[in-house]
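User: I would like to learn how to read a few features of a model. Can you take me through them?

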Amino acid sequence: MINEKEIEFYKRIPAFYSQKSPIDSIIIDMVLEHFNHRSLAGTYEDLTSDEFFAIVEEAHKQYVKDVESATLKAYMEEQ
């Protein structure tokens, strides 16, 4: 059974856990950034599967970092 203190703790954590796929927005932003860099460099605006999977891996790392940071912040506020 979750007590009131635990409920308050989880309320302070951002909506990382309630979104359908919170990593999607990170991936989309990174793909757009990739195309913007290519466009500004004057090169062909394409995205290989290897580049896409590298973006997905980097987005996952960023997502985990964001969740850890938010969780730590909520935990520190509890103390």
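User: In which helix is the place of His34?

Analyst: First, the ground rules. This is a predicted model, where local features need pLDDT of at least 70, side-chain atom pairs count only at pLDDT 80 or more, and totals for chains, interfaces and linings use all residues. Residues are numbered from 1 along each chain as its sequence is written, and side-chain values use heavy atoms, without hydrogens and water. Helices are DSSP runs of H or I, at least four residues; strands are runs of E, at least two; both are numbered from the N terminus. His34 sits in helix α2, residues 22-41.

User: How many helices and strands does the protein have?

Analyst: It has 3 helices and 0 strands. Along the sequence the pattern reads α-α-α.

User: Is His34 buried or exposed?

Analyst: Buried means under 20% relative accessible area, exposed over 50%, partly exposed in between (1.4 Å probe, protein chains only). His34 has 14% relative accessibility, so it counts as buried. Of the 79 residues in the protein, 19% are buried.

User: Which residues does His34 contact, leaving aside neighbours within four places in sequence?

Analyst: Contact means heavy atoms within 4.5 Å. On that basis, His34 touches Asp46, Leu47, Glu51 and Ile55.

User: How many aromatic pairs does a search of the whole structure find?

Analyst: Rings of Phe, Tyr and Trp (its six-membered ring) pair if their centres lie within 6.5 Å; planes under 30 degrees apart are stacked, over 60 edge-to-face, the rest tilted. The search finds 1 pair. The ring centres of Phe52 and Phe53 are 5.8 Å apart with planes at 65°, so this pair is edge-to-face. Phe52 is partly exposed, because its relative accessibility is 33%.
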